[in-house]
Amino acid sequence: MTWYLILIGLVCAERLAELVTARRHTAWSLARGGVEHGRGHYPAMVALHTALLAGCVVEPLLAGRPFVPALGWPALALALAAQGLRWWCIRTLGPRWNTRVLVVPGLPLVAGGPYRWLRHPNYVAVVVEGFALPLVHGAWLTALGFTVLNAVLLRVRIRCEDDALTGVSLPRAAPAAASGTVR
């Protein structure tokens, strides 16, 4: 359990790094006339992601969930791959990446990096991580609960993001990148 707790601690540190990055990117966007969309769902997203990390710790401890190598190792590989995808998204979007939905008028949609193939790759990373991270140590209730609630929230978030980006011109055949991402 010690190694798993270290892993969750590292993910928490990564989340703090994301928040620092997002704050810097918010200032960049606002200085260029950026407009925030979807403020109403943001607190629910923060609560859900916080609950995910808490559940990853609490469920294995309280329910006595053991580490099952046949499940834990593949889940760890998926969680690490999700982190790689998330940071590829952040790097690709540069200062346009954010935990909020911020759109800077006049900027074209990003169509490089993972956005070349997926419309919302950061959300793919969130879905995979939200399912895999708890399963590293058998927290299947946390994985299930997060997955269900996240699906509901992502419907709202993606609709909000797509609506916010409607005014940005890019041929519809090409995948469009989000200016804000979940986190």
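Modeller: A residue is buried when its relative accessible area is under 20%, exposed when over 50%, and partly exposed in between (1.4 Å probe, protein chains only). This is a predicted model: local features need pLDDT of at least 70, side-chain atom pairs count only at pLDDT 80 or more, and totals for chains, interfaces and linings use all residues. Residues are numbered from 1 along each chain as its sequence is written, and side-chain values use heavy atoms, without hydrogens or water.

Let's take helix α1. Helices (H or I, at least four residues) and strands (E, at least two) are DSSP runs, numbered from the N terminus. Helix α1 covers residues 2-31, which makes 30 residues. The expected span of a helix is 1.5 Å times one less than its number of residues. For α1 that gives 44 Å, and the end C-alpha atoms are 44 Å apart, so the two agree. After α1 comes G33, with a positive phi near 85 degrees.

Now look at which side chains hide. The buried residues of α1 include Y4, L7, I8, V11, E14 and R15. In an α-helix there are 3.6 residues a turn, so residues three or four places apart point the same way. The buried residues of α1 pack against α2, α3 (69-93), β2 (101-103) and α4 (121-135).

Zoom in on L7, which lies in α1. L7 has a relative accessible area of 17%, so L7 counts as buried. Contact means heavy atoms within 4.5 Å. Leaving out residues up to four places away in sequence, L7 touches L76, L133 and V136. Compare T50: L7 and T50 are 43 residues apart in sequence, and their C-alpha atoms are 15 Å apart in space.
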